[in-house]
Amino acid sequence: MSYEIKKAAVLGAGVMGATIAAHLTNAGIECVLLDIIPFELTDADKAQGLTEKSPAWRNRFAANGLAGVLKSKPAGFFTKKNASMIRTGNFEDNLGWLADADWVIEVVIENLKIKQELFTKVEKVVRPDCIVTTNTSGIPIRDISANFGAKLKEHFLGTHFFNPPRYMKLLEVIPGKETRPEVVTFITTFCEQVLGKGVVICKDVPNFIGNRIGSFDISNAIHLMLEKKLKIEELDAIIGKALGRPGSAIFGTLDLVGLDTGAHVTKNLYEAVPDDEMREMFVQSEFMNRMIERNWLGNKTKQGFYKKEKDAKGKTVKWVIDYSTMEYAPAGKPRFASVSDARKKADDGAAATLKIMFNGSDVAAELTREYLCNNFIYAANRVPEICDTIVGIDNAMKWGYNHQLGPFETWDAVGVRDAVEVMKKLKKKLPKKIEEMLKKGCESFYQKKEDGLYFYDFEKRDYLKLEANPRIILLPDLKAQKKVVRKNASATLVDIGDGVACLEFHTKMNAVDDGMVEMLLESCDIVEKDFVGMVVGNHGTNFSAGANIFKVLLGVQKGDWDILEKLIGAFQSANMRMKYLSKPVVSAPAGMALGGGCEMAMHTAKCQPCGETYIGLVEVGVGVIPAGGGCKELMVRMTEGLPEGVVDAGLNLQQLYAKAFENIATAKVATSAVEGMELGYIRKTENISLARDQQLWDAKQVVLGLSKFYKKPRPVLIPVMGENFRGMAEAILYNMRQGNYASDYDVHVARKVAYILSGGDCAEGTLVTEEEILALEREAFLSLCGEKRTQDRIMFMLNTGKPLRN
């Protein structure tokens with residue numbers, strides 16, 4: 001039987017249900033969102049004329065859920081327009097809608113009886129081939145499905161999303177005993193390729209994988225803090241980025257999740273795992289119980305382990321709780337030698353910093369060793385109880401808790417045998433399976449061989465090859481296989497197979513510098529001769545954060561105007577070369593694609609953006625204008641597709657150019673690829689990759705498709721408004737200045753933008769070439785670089801990371 005998901009239904013419109021529905025629409029899936037009807041009419045309802053038959057009253061909970069996700073931060077939707085794809089209703093009147101659903105996801109309260117009663121109704125409505133899942137975070141799948149008919153059991157499983165669903169990669173899939181294998185395979189593939197998830201197959205055990213290991217990780221850290229009498233902020237300073245953890249560390253994460261939510265998880269876990277050797281670790285600390293009693297639950301109540309208050313001068317100060325007195329005090333900035341040493345090696349990756357922390361000699365290193373050893377032992381003891389392999393546990397912690405490395409990868413990083421020696425010194429009970437592994441001469445959990453990556457399997461007592469996903473292109477692996485075509489310090493051209501090359505950036509933040517521009521030009525020459533096309537993309541957190549403004553400032557301070565003009569000209573030429581190459585070039589932006597990064601993404605034949613692409617022309621923030629062709633290309637985007645002759649017929653271009661002016665002059669940044677389309681940075685005809693790890697593969701397929709019929713594009717002529725547009729811009733700028741939305745210098749920079757977008761000194765309706773606009777960009781950029789206020793802005797940005805209004 002083949003499966004397809006075009007329509008979905010989410011049952012339960014709380015925060016989790018509504019945000020799951022939102023993310024389904026991000027993937028283009030129409031959705032029904034249902035919840036219970038209110039318990040009774042309120043006086044306010046009656047005053048509005050509502051009755052118990054009014055749809056507005058009966059659908060209130062679902063409607064409120066949708067309204068909540070529309071206001072949520074971070075945003076659940078790629079664009080608020082996606083809300084139109086969600087139809088709200090209630091369980092009493094609208095369960096019949098489920099007859100059209102291909103996938104039904106239950107997300108109601110964690111109460112077994114309520115779930116079973118709801119599924120009794122659902123089973124009568126859904127099609128026999130409909131896939132039905134539960135988002136339970138801990139109730140056994142076998143208990144929920146105990147009363148199901150045979151057909152529903154075959155199509156039922158757990159799909160545990162992590163919050164918030166749009167941003168968290170982990171999706172735990174928990175098959176039931178009767179679930180068809182093809183259903184598990186389909187939902188796994190669908191969630192990976194369409195929803196962009198990292199799927200881990202879990203066993204039907206308490207809290208599955210992520211929350212089982214994650215709860216222990218956090219509880220372990222807190223117990224060690226209390227035992228060693230460290231402060232809250234001291235523990236967070238240690239178990240943070242230096243250990244490959246997110247910046248929120250332990251207590252920032254708990255504040256984000258909510259102390260009550262965390263307590264609920266650990267309490268349920270304690271009751272559900274009577275045979276767990278570390279069960280007592282899940283007993284909540286007394287000071288945390290007192291915090292919950294006082295409603296100090298974290299960010300949602302404005303105070304938890306941390307809170308922010310303004311001091312007498314109006315400056316925001318971060319406060320932290322002292323768990324011994326239950327009083328708040330200004331948070332300190334703890335300093336530990338091992339943490340400082342690790343930070344110096346941050347560019348070398350998490351494995352390097354972990355090793356430094358593990359081998360240090362101060363109190364931070366001492367805590368690190370015991371904390372990690374406890375985690376290692378606990379994770380090893382959970383195989384095969386919660387998962388058959390170490391890979392599932394590692395992936396769950398990376399994708400669900402934002403750890404850079406999973407427990408077994410971390411163990412490899414510090415050295416398996418070294419960690420075992422520390423365990424012995426700490427008098428820890430070493431798992432027998434680890435002793436057996438070392439006796440066999442297996443010194444690591446993972447091994448890289450010529451034919452791929454292998455992992456140690458405790459059951460087989462040997463290494464097994466990790467099955468590679470053909471849709472995941474790993475540039476480091478290809479480089480190790482000597483697939484490098486050309487490289488310099490800033491970028492590398494890699495052969496990714498089938499006649500396609502990939503240009504990868506690797507400067508800090510992938511900032512544009514002269515080496516990158518040189519490599520871009522050289523790659524175009526090579527691809528034109530030896531390849532069918534090229535992808536421009538990378539595995540970095542950011543596609544490109546823009547130009548290297550430090551180098552720009554150095555050029556200005558030295559008065560190297562000729563060199564600066566040459567650099568800008570070369571960047572423009574590289575982008576134009578890419579645009580007019582005889583072979584197709586496809587950009588694959590993800591993360592930040594700002595300034596020069598945005599300009600590069602806009603100059604390719606096609607763009608294959610990741611859903612999480614934050615794209616925009618932000619140069620005005622440092623007192624300059626987009627000069628790599630960004631102004632020009634946005635003008636092209638706004639006017640392309642206009643029928644020939646409409647400009648001559650008097651078409652008013654005001655609305656089109658007003659949008660371009662607002663984007664550039666206010667440094668508008670899209671918060672998703674869809675918003676990037678709405679702002680004009682990405683064409684609306686492009687496809688979007690929700691799976692970041694499959695994005696390069698997607699982009700490669702686009703190149704291969706284009707290569708079959710691709711022809712070099714023709715140069716374009718851009719209709720402009722001339723002085724008429726500048727007059728309109730002046731009115732906008734006057735209002736912005738009078739309303740104090742812009743400084744005098746903001747207005748000065750914006751006038752330069754307006755002059756470029758107007759086409760210079762020409763009449764309305766004039767058709768200008770791309771080269772004419774590029775010349776205006778260069779002139780404006782260089783003139784602004786010569787002004788002290790621009791130089792001050794660049795220096796301020798370099799020192800603070802924030803824009804300066806002067």
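I take contact to mean heavy atoms within 4.5 Å. With that, I looked up the contacts in the chain with a separation of 6 or more: residues 24 or more positions apart account for 70% of them.

**Ground rules.** I am working on a predicted model, where local features need pLDDT of at least 70, side-chain atom pairs count only at pLDDT 80 or more, and totals for chains, interfaces and linings use all residues. I number residues from 1 along each chain as its sequence is written, and side-chain values use heavy atoms, with hydrogens and water left out.

**Whole chain.** I find 33 helices and 24 strands. These are DSSP runs, numbered from the N terminus: helices are H or I with at least four residues, strands are E with at least two. The radius of gyration is 29 Å, close to the 28 Å of the globule rule for 806 residues, so the chain is as compact as a globular protein of that length. I take that radius over C-alpha atoms; the rule is 2.2 Å times the number of residues to the power 0.38. Along the principal axes, the C-alpha atoms fill a box of roughly 80 × 70 × 65 Å.

I next checked burial. Of the 806 residues, 53% are buried. Buried means under 20% relative accessible area, exposed over 50%, partly exposed in between (1.4 Å probe, protein chains only).

**Helix α13.** I looked at residues 286–293 and found Phe287, Met288 and Met291 buried. Down the axis of α13, the buried residues fall within an arc of 100 degrees, so they line one face of the helix. The arc is that of the directions from the helix axis to the C-beta atoms. An α-helix has 3.6 residues a turn, so residues three or four places apart point the same way. I see cover for the buried residues of α13 from elements including α9 (210–228), α12 (259–272) and β10 (316–322). After α13 comes Asn295, with a positive phi near 65 degrees.

**Ala545.** I located this residue in the loop between β18 (533–536) and α23 (549–558). Ala545 is partly exposed, at 25% relative accessible area. Leaving aside neighbours within four places in sequence, I list its contacts as Met509, Asn510, Met592 and Leu594. I also checked Ala545 against Glu723: they are 178 residues apart in sequence and 33 Å apart in space, C-alpha to C-alpha.

**Glu633.** I placed Glu633 in helix α26 (residues 630–639). Glu633 counts as buried, at 1% relative accessibility. Not counting residues up to four places away in sequence, Glu633 touches Lys579, Met602, His603, Arg683 and Glu770.
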